[in-house]
Amino acid sequence: MKKVVMKVYGMTCDDCVVTVKKGLESVPGVISADVSLPEKKAEILIDENKVSPESLEDAQVFKVTRYRGEVRKVE
Amino acid sequence: MSKEYDLLIIGYGAAAFSAAIKASEITSGQASIAMVGTGPLGGTCVNVGCVPSKMLISAARNIMYMARPRYPGIEAEYRTDSSKILEFIRQAVGEERHNKYETVVSGYENIDLYRSRAVFTGDRKISIEDGTEIFGYNVIIGTGSRPSIPPIQGLKDAGYITSNEFWSLEKIPGELVIIGSGPIGSEIGQAAARIGSRVKIIEIADQILPGIPRDMAQKVMESMVRDGIEFHLSSAVKSVSVENGKKIVRFETGGLQREVEADEILVATGRSPNVDLDLEKTGVQYDRYGIVVDGNLRTSNRKIYAAGDVVKQRFKLETLAAKQGVIAAENIFNRAGIMIDLSSFPLAIFTDPEYASVGYTEDEARSAGLRYDVRAISTGDVAKERILRNADGIIRMIVEQGTKRILGIQMVAENAADMINEASVIIHSGMTVDDVIDTPHVFPTVNEGLKLAAQSFLRDISMMSCCME
Ligand SMILES: Cc1cc2nc3c(=O)[nH]c(=O)nc-3n(C[C@H](O)[C@H](O)[C@H](O)COP(=O)(O)OP(=O)(O)OC[C@H]3O[C@@H](n4cnc5c(N)ncnc54)[C@H](O)[C@@H]3O)c2cc1C
């Protein structure tokens with residue numbers, strides 16, 4: 001299991017947080033996602049055998065909405 | 001002090017601005033951006049490049065219409081004052097910079113501007129003159145290029161100007177020697193000649209505008225000779241000195257030593273990328289031709305992109321710099337994977353007549369081993385050009401054999417730079433000769449020349465009536 005910290009651009013309200021959280025949690029291999037509006041950040045727990053940290057940037061939620069995600073740290 | 005940004009852009013010219021704006025749009029203004037640059041905001045194009053040079057050319061064209069009216073029954077008396085022209089250009093450049101750069105950047109709260117030279121001190125980390133260190137999670141290098149100065153004996157001591165200093169002159173020198181007949185030397189040289197300067201151009205190659213088709217360069221040169229320019233082709237400048245207040249430029253042509261006299265020397269021998277950034281410290285590969293990038297504009301450091309004149313590539317153009325800035329931002333923040341196709345990028349040289357090209361030239365098609373057909377028409381075949389009394393140009397089209405897909409278009413014509421935009425659409429959309437013929441064009445317009453060039457693949461255009469479809 002790994003923790004990935006992502007910068008998230010484009011969130012302005014609580015609904016945005018919900019959309020990003022749901023979007024990330026729907027990616028196979030993502031165990032949970034904690035999204036913060038004030039910090040414009042997401043902390044995601046992943047099973048690294050199923051999903052790579054990098055590929056989270058290509059998650060559907062960052063493609064079809066105005067939100068964009070960028071991996072900043074992998075622990 | 002040290003700071004962190006989502007995007008660090010080095011430079012604040014065309015590439016940098018378009019990257020910053022695109023990155024802001026993609027991230028809904030939430031990417032924090034640092035733009036670090038030196039000199040006046042906006043970089044080369046607005047301050048010392050496209051904008052002032054095209055204004056000077058426009059002023060010179062006004063003079064040409066008065067000096068050589070194209071219809072009988074017109075005579076004009078005129079005087080020129082180059083100091084007033086230059087003063088006006090400086091003012092207009094100031095306005096352009098204010099409206100299009102200073103005001104624009106101040107409207108973006110997420111962009112911080114730093115006016116300083118930058119050098120890398122580590123991975124994605126730069127230091128600026130006041131000691132501040134700036135780190136960018138993502139970096140775009142858009143540091144542009146500068147005039148390259150050949151090592152000519154005595155040149156430095158005698159003094160010279162480049163296209164950077166030309167615009168600050170009090171007046172255009174009475175006698176101007178230009179070293180180099182590339183786009184910059186030829187454009188400024190012709191305009192200066194029309195405004196009243198005695199211009200001599202020394203060129204090491206055996207044609208002007210080296211790299212463009214020879215017959216087209218010849219047409220441009222003939223026009224420049226009519227403007228009073230003296231050319232010395234196949235000539236290598238050896239030394240420069242000052243005698244009795246005049247600059248003496250000595251050069252060698254076919255083994256003969258010769259010299260010309262000048263009030264000022266304009267060095268226009270090409271441009272070198274601004275790569276003196278300690279790029280080694282951040283793992284970015286480069287050489288003296290520029291920063292090495294992949295098709296996505298990514299450098300050898302995967303979090304650093306480069307855009308514009310600083311990139312190792314064959315063109316140095318404003319439109320290309322701006323486009324690459326946008327692509328770099330898209331590839332970083334949208335992970336768009338956009339590739340840029342230079343083979344179909346249009347370019348223009350704003351001499352009179354202008355030269356413009358998109359896609360393959362005949363030489364390039366031949367070297368690439370393509371099976372092609374080629375036709376050239378004279379602008380004298382185009383009704384509007386005859387009306388404008390502007391018959392002395394060429395339009396050439398290169399077409400793939402079999403498919404009749406148009407591979408390349410070159411032209412030398414008074415409005416070639418405007419016409420090439422249609423040619424660019426033709427090449428980009430993969431149109432065939434028949435597609436162009438089927439596209440209605442307004443009569444009479446210079447762009448009908450493109451349609452006529454396409455028709456020349458099907459029939460002898462001298463046997464066509466004026467506006468036959
Ligand atoms: C006389 C002339 C006429 C031209 N005419 C045309 C034309 O008609 N059409 C056309 O398409 N193109 C034309 N060009 C080319 C065009 O101007 C350039 O291609 C374009 O401006 C390049 O933009 P850029 O953003 O790459 O670089 P630039 O606009 O040069 O910007 C680079 C920026 O980086 C800064 N910089 C450099 N080094 C550092 C450093 N170490 N630290 C911090 N900042 C740094 C510079 O100060 C500058 O602000 C012309 C050029 C010239 C010189």
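Analyst: The answer below begins with the interface, turns to salt bridges inside the chains, and ends with the ligand and one further residue.

This is a predicted model, in which local features need pLDDT of at least 70, side-chain atom pairs count only at pLDDT 80 or more, and totals for chains, interfaces and linings use all residues. Residues are numbered from 1 along each chain as its sequence is written, chains are lettered from A and ligands numbered from 1 in the order in which they are written, and side-chain values use heavy atoms, with hydrogens and water left out.

Consider the interface of chain B and chain A. Here 13 residues of chain B are in contact with 15 residues of chain A, contact being defined as heavy atoms within 4.5 Å. The buried area is about 1200 Å², and carbon and sulfur atoms give 35% of this. Buried area is the accessible area (1.4 Å probe) that two parts lose on being put together, summed over both.

The rule finds 6 salt bridges across this interface. A salt bridge is a side-chain nitrogen of Lys or Arg within 4 Å of a carboxyl oxygen of Asp or Glu. On the side of chain B that touches chain A there are 4 nonpolar, 5 polar and 4 charged residues. In this classification Ala, Val, Leu, Ile, Met, Phe, Trp, Tyr, Cys and Pro are nonpolar, Asp, Glu, Lys and Arg are charged, and the others, Gly among them, are polar. There are also 11 residue pairs in polar contact between chain B and chain A, with both residues at pLDDT 80 or more. A polar contact is a pair of N or O atoms within 3.5 Å; within protein, one must be able to donate a hydrogen and the other to accept it, and residues adjacent in sequence count only if both atoms are side-chain atoms.

One salt bridge joins the side chains of B:K303 and A:E70, at 3.3 Å from N to O. B:K303 is located in the loop between β17 (290-291) and β18 of chain B. Helices (H or I, at least four residues) and strands (E, at least two) are DSSP runs, numbered from the N terminus. B:K303 has a relative accessible area of 18% and is therefore buried, given that buried means under 20% relative accessible area, exposed over 50%, and partly exposed in between (1.4 Å probe, protein chains only). With neighbours within four places in sequence set aside, B:K303 is in contact with A:E70, B:R124, B:Y137, B:N138 and B:V139. Its side chain makes a polar contact with the side chain of B:N138 at 3.3 Å.

Over all chains, the count comes to 46 salt bridges. A:K21 is partly exposed at 33% relative accessible area, and A:E25 is partly exposed at 32%.

Other salt bridges link separate elements. B:E354 and B:R61 form one in which the closest N and O atoms are 3.5 Å apart. B:E354 lies in strand β20 (residues 354-359) and B:R61 in helix α3 (residues 50-67) of chain B, so the pair ties together parts that are 293 residues apart in sequence. Both B:E354 and B:R61 are buried.

The side chains of B:R314 and B:E364 also meet in a salt bridge, at 3.0 Å from N to O. B:R314 is in the loop between β18 (304-306) and α8 (318-333), while B:E364 is in helix α9 (residues 362-367) of chain B, so parts 50 residues apart in sequence are tied together. B:R314 is exposed at 52% relative accessibility, whereas B:E364 is partly exposed at 30%.

The ligand is surrounded by 36 residues, of which the closest are B:T38, B:T44, B:K54, B:A118 and B:D309; a residue is near a molecule or strand if one of its heavy atoms lies within 4 Å of it. A backbone N or O atom of B:A15 lies 2.9 Å from an oxygen atom of the ligand, and for B:L317 the corresponding distance is 3.2 Å.

Finally, B:E230 belongs to strand β10 (residues 230-232) of chain B. Its side chain makes a polar contact with that of B:H232 at 2.7 Å.
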